[in-house]
Amino acid sequence: YGGGIFLLIYIILAMTFGYSMIIAETALGRMTKKSPVGAFGKFGKSKWLSFGGWINAIIPILIVPYYSVIGGWVIKYLVEYVKGNTQNLATDGYFSEFISNGVSTEVCFLVFALFTVGIIYAGVRNGVERVSKFMMPVLVFLSIVITVYSVTRPGALEGVKYFLIPNPKNFSWMTVVAAMGQMFYSLSIAMGILVTFGSYMKKDVSIESSTTNVEIFDTAIAIMAGVIPAVFAFSGGDPNTLQAGPALMFITIPKVFASMGLGTPIGILFFVLVLCAALTSSIALTESAVSTFQDELKWCRQKSTLVVGAIMIVLGSLSSLGYGPLACVKIIGMQFLDFFDFLTNSVMMPIAAIATCLLISRVIGLKKIEDEVVLGEGTFKRKKIFNFMIKYLCPIFAAIILLSSVANAFGWISM
């Protein structure tokens with residue numbers, strides 16, 4: 001989506017839009033001590049408040065099934081690298097053949113989904129915190145190892161330039177839409193997760209400091225993960241061959257690893273890194289969904305986890321089999337996985353962001369959010385940016401993204 005210009009837009013959005021939404025959602029969760037539905041409902045019984053809470057709560061329930069399918073793909077590739085099948089993974093058609101094999105994709109999906117559910121079943125403190133404390137240092141270490149190795153490859157400098165130096169010629173509105181979608185996912189905004197985890201946050205923890213840490217950590221990881229100049233070198237220096245998403249992860253990168261002398265160990269390290277990141281995200285998504293069932297239906301944690309797990313398996317199976325046995329079934333021209341991604345990322349998340357902005361600026365009031373942020377020894381250095389973004393730019397920008405994404409999906413415009 002444009003290399004350096006994409007990265008620049010992403011960083012700008014993360015430091016403004018992302019920062020404001022993280023502050024807003026975390027403060028909302030901590031002041032109410034509730035999951036999204038309860039947090040919105042605490043400030044009134046109107047239909048739009050109820051809608052705002054539920055759409056934040058439903059998003060993780062819809063994301064985690066197809067996210068787990070992709071997690072299953074990662075497991076498959078990791079296993080194949082451990083078995084030494086590096087060259088086989090790089091052959092043309094391997095990925096397409098794999099995802100069209102219903103049995104193989106379903107088994108990998110179930111392994112990933114059941115592992116996630118098992119961790120959540122253990123409880124957020126025993127599950128999320130323990131796993132995250134182990135995974136985060138591993139993720140950072142492996143990112144550094146792979147990045148350092150990548151920049152030593154022949155032709156790496158051209159890849160670094162393409163990724164880090166903005167080129168206005170590569171800009172398009174799709175660059176902004178893609179950067180926004182990436183920001184929603186990587187910062188976990190507009191999907192109820194931050195409200196849920198904010199409800200667990202202690203009052204003596206600085207919200208702004210935590211947000212700043214997230215910004216720095218996320219941006220650093222994003223840059224390290226993006227700097228795989230060997231991909232660019234392998235493609236012969238043509239930026240047009242640098243595809244995003246599954247094509248990059250499961251087609252282009254394996255070809256790069258196959259061309260390396262140490263391709264197998266690097267492939268293992270890379271997919272261990274991706275698996276760590278995928279598990280951490282799926283745990284957060286599932287925890288948010290479970291919290292909603294606990295709060296709104298008054299179910300125990302175990303029952304809530306089992307129900308969410310059942311939903312994951314049913315919806316995830318549709319996405320898992322969508323490129324194989326169910327390939328003939330499409331929704332507005334999309335396979336199940338692509339449709340769920342479009343529905344959540346391009347439609348529901350912008351709506352959830354708008355609802356949160358309206359709740360904060362029109363119902364709760366910016367002053368109450370400020371009071372929550374500066375509680376104890378907390379600071380609010382970017383208060384002016386937050387106030388302006390939440391009142392004006394965030395809802396307007398989210399609305400533009402929503403309308404343009406829907407129009408593009410139905411073919412009314414082309415981005």
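Me: Which residues form a nonpolar patch on the surface?

Reply: In this predicted model, the patch consists of Trp173, Phe388, Tyr392, Leu393, Ile396 and Ile400. Together they have about 550 Å² of accessible area.

Me: Which helix gives the most to the nonpolar patch?

Reply: Helix α18, residues 383-409, with five residues. Phe388 is found in that helix.

Me: Why is Phe388 called partly exposed?

Reply: Its relative accessible area is 44%. Buried means under 20% and exposed means over 50%. Phe388 lies in between, so it is partly exposed.

Me: Why does Cys276 count as buried?

Reply: Its relative accessibility is 8%. The cut-off for buried is under 20%, so Cys276 counts as buried.

Me: What makes Cys300 partly exposed?

Reply: Cys300 has 43% relative accessibility. That value falls between 20% and 50%, so Cys300 counts as partly exposed.

Me: How do you know that the reach of helix α9 is close to the expected value?

Reply: Helix α9, residues 173-187, has 15 residues. From first C-alpha to last, α9 reaches 21 Å. At 1.5 Å a residue, 21 Å is expected.

Me: What covers the buried residues of α9?

Reply: The cover includes α1, α10, α11, α16 and α18. Among the buried residues of α9 are Val176, Met180 and Phe184. Ser188 follows α9, with a positive phi near 60°.

Terms used:
Residues numbered from 1 in each chain as written. Predicted model: local features only at pLDDT ≥ 70, side-chain atom pairs only at ≥ 80, totals over all residues. Heavy atoms only, no water. Patch = residues over 30% accessible without salt bridge, like charges linked within 9 Å, V, L, I, M, F, W, Y side chains within 5 Å. Areas by Shrake-Rupley, 256 points an atom, 1.4 Å probe, with all protein chains shown as cover. Salt bridge = Lys/Arg side-chain N within 4 Å of Asp/Glu carboxyl O. Helix = DSSP H or I, 4+ residues; strand = E, 2+ residues; numbered from the N terminus. Buried < 20%, exposed > 50% of the residue type's maximum accessible area, 1.4 Å probe, protein only. Expected span 1.5 Å × (residues − 1). Contact = heavy atoms within 4.5 Å.
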